[in-house]
Amino acid sequence: MSLLSSQFSHFRRRRMCEFLREFKISKDTKVLDLGGTAQLWTYAEVLPDLTIVNLGIPQNPPLQDRVRWVEADATRLPFPDGSFDVVFCNSLIEHLGSYEKQELLAGEIKRMSKRYFVQTPNRRFPFDMHMLVPCFHWLPKFLQRRLARLTVWGLITKPSREAAAAYVDELRLMTFQELHSLFPSGAIVRERFMWMTKSLYALSR
């Protein structure tokens, strides 16, 4: 597991560096992070004027004195149009359960800013980064519900049968074509691991 943790940290740190560089983020840039955590921003060399939206706000989060926290549904944001310079959305869109909700999130992202960075795992990548086993996300949902507690994720988190099924049902990984259909005016960039596309970014600078 330490190897997996180091790999996750490597990709997150590299992703954050690319985001800061591509969007020329400064301490005065108004950034909206949808579904994020303060921990991810500990990888950032520069902390922007940051607002984090999530369904739940942690007790005493890191950077709490330097970040605004808003408890809200990312598909129905409580902000006026164009409220931010950049929207950052890392590994959220695949947790919405349906393409219709993913469309709603994409609409809110574009409503908040013309500039955005949206990352999601690639459905075509053979390793399931949520369950931490190969090819699990390619199984039918009814098999995923039955087998979820036997995955590495299930053995670590030890969820109830109901909680495991709910987690499986919220996951809907996206393909290159689907992400492009939600962000047709943005560039879709491939994050590669060896020769394969591990993750996808939708970018509009």
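**Exercises: a buried glutamate and the nonpolar cores**

E191 is buried, at 3% relative accessible area (buried means under 20%, exposed over 50%, partly exposed in between, with a 1.4 Å probe and protein chains only). This is a predicted model, in which local features need pLDDT of at least 70, side-chain atom pairs count only at pLDDT 80 or more, and totals for chains, interfaces and linings use all residues. Residues are numbered from 1 along each chain as its sequence is written, and side-chain values use heavy atoms, leaving out hydrogens and water.

**Exercise 1.** Find the strand that holds E191 and the side chains with which the E191 side chain makes polar contacts.

*Solution.*
- Step 1. E191 lies in strand β8, residues 187–193 (strands are DSSP runs of E, at least two residues, numbered from the N terminus).
- Step 2. The E191 side chain makes a polar contact with the side chain of R15 at 3.1 Å (a pair of N or O atoms within 3.5 Å; within protein, one must be able to donate a hydrogen and the other to accept it, and residues adjacent in sequence count only if both atoms are side-chain atoms).
- Step 3. Another polar contact joins the side chains of E191 and Y201, at 2.5 Å.

**Exercise 2.** Identify the residues that touch the most other members of the largest nonpolar core.

*Solution.*
- Step 1. This core has 26 residues (buried Ala, Val, Leu, Ile, Met, Phe, Trp, Tyr and Cys joined through side-chain atoms within 4.5 Å).
- Step 2. L32, L34, L105, I109 and F183 touch the most other members.
- Step 3. α3 gives the largest share, four residues.
- Step 4. A separate core of 21 residues includes W69 and L203.
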